[in-house]
Amino acid sequence: MDIDIAGPSRPSAIHLEVFMLRARRLVMALSALALAAGTGGAAAGPVQADAGAGAGAGAGADARQRGFADCPSLSELPEGADPAQWRCEAMTATGHLTLGRADVPIDRPLAITFAEGRVDGEFRQVFGAMAATPLRVRGTPLSITPRYGGYSDFESNDERRGELDLTFRISGPGVPRGCSIGTDAAPVHLVLKETDPSRVVSPDPLVVAFGVADNRFAVPGTSGCGRLGPVLDKVLRLPAPAGVNGIDLDARVSLRSYGEAG
C-alpha cells in the first residue's frame, strides 16, 4: 500500500478522509490475520460482568457479589403465589466450557437467579437474571461471554437437573458488538445432567452445592460478525457438532423464602 500525505502543501480534507479509511481497513485486515494465525494480538478490554435478559438494576456488578439482589420481586411472581411457599435461588458456578476450538476455564463465577414455587399445586418458575464475565480464549485475542438465551427450566427430574438456553457474545479487536455464537432466536440449548449429588454446605442460611454437565449439545457458526464471521468460524472451528462441545459446572446455590422478613 502506497500512502503519501507528506509534501510542501497541506493535504486536502478529501485526502485525509481517504488516508483514514485505508488506515482503518489496514487495522481490520491485521486483526483478521492475527485471529486466523491464532496469535495473541492486542489485549482484550477490561473484564466486565454481563447481564442477561431480565436482569435487575445493577446486574453489571461482579457475579460473585450479586447474591439475592436479582431475585424477582413479589410483584413479578405469578398471580396467586403465596410468598411463604415461594423461594429465590441464587446460584454461582465455576467450571469449564468447550465450544468448538474454544476451550476455556470458567474461573470467574457466573451467576443465575430465579424464583420457584407452586400456584394451585402447579410448579412455576420466574427467571431473575444472569451475570457473567468474559472468558478469554487462549491463543487468540478473543473473549466469550455467556448470556441468558431466553429459556430456563430448573425443575429437576430423573432425566436432567435442568435446562438452559445460552448465547455467547464474542469480543476482541475489530469484532462487531453484536457478534455472537447463538442468537436470541436460535440459542444454544443445554440439558444439564447431575454429575455430583446435592450436599448441604450451610443449613442457615441454606446453601447447597452440586455438579452438572452437558456434552451433547451442538454449536452453530457465528452470527452478526460481519466480514469477520468466516474468519472467526475458522479460528473457533464452528459450527461444531454434538460430542465436540461441553460444559461442566460446580454450582453453589443459596435459597431464601419470600416469606422471610426483609
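Two disulfides are present in this structure, which is a predicted model. A disulfide is a covalent bond between the sulfur atoms of two cysteines. When the bonded cysteines of the protein chain are numbered in sequence order, the pairing reads 1-2, 3-4.

**The two disulfides**

One of these bonds joins Cys71 to Cys88, with a distance of 2.0 Å from S to S. Its two ends belong to distant parts of the chain, for Cys71 sits in the loop between strand 1 (50-51) and strand 2, while Cys88 lies in strand 2, and the two residues are 17 residues apart. The link of Cys71 and Cys88 is left-handed, with -95 degrees about the S-S bond.

The other bond is formed by Cys179 and Cys225, whose sulfur atoms are 1.9 Å apart.

| Cysteine | Relative accessibility | Class |
|---|---|---|
| Cys71 | 16% | buried |
| Cys88 | 2% | buried |
| Cys179 | 0% | buried |
| Cys225 | 3% | buried |

The cut-off matters for reading these values: a residue is buried when its relative accessible area is under 20%, so Cys71, at 16% relative accessibility, still counts as buried.

**The second largest pocket**

A further feature to look for in the model is the second largest pocket, which has a volume of about 430 Å³. It is lined by 31 residues, and the closest of them to its centre are Met91, Phe114, Phe154, Arg161 and Phe210.

Which strands each supply at least two residues of this lining? They are strand 2 (87-99), strand 3 (102-119), strand 4 (122-132), strand 7 (162-171), strand 9 (188-203), strand 10 (206-214) and strand 12 (246-257). Strand 2, one of these contributors, is also the strand that holds Cys88.

By class, the lining of the second largest pocket consists of 23 nonpolar, 3 polar and 5 charged residues. Among the residues closest to the centre, Met91, Phe114, Phe154 and Phe210 are of kinds that count as nonpolar, whereas Arg161 is of a kind that counts as charged.

Terms used
Residues are numbered from 1 along each chain as its sequence is written. This is a predicted model: local features need pLDDT of at least 70, side-chain atom pairs count only at pLDDT 80 or more; totals for chains, interfaces and linings use all residues. Side-chain values use heavy atoms; hydrogens and water are left out. On a 1 Å grid over the protein atoms alone, a cavity is a set of points where a 1.4 Å probe fits but cannot get out, and a pocket is an open set with protein on both sides within 12 Å along at least five of seven lines; lining residues have an atom within 4 Å of a point. Grid points are joined across faces, edges and corners, and a volume is the space filled by probe spheres set on the points. Helices (H or I, at least four residues) and strands (E, at least two) are DSSP runs, numbered from the N terminus. A disulfide is a pair of cysteine sulfur atoms within 2.5 Å. Buried means under 20% relative accessible area, exposed over 50%, partly exposed in between (1.4 Å probe, protein chains only).
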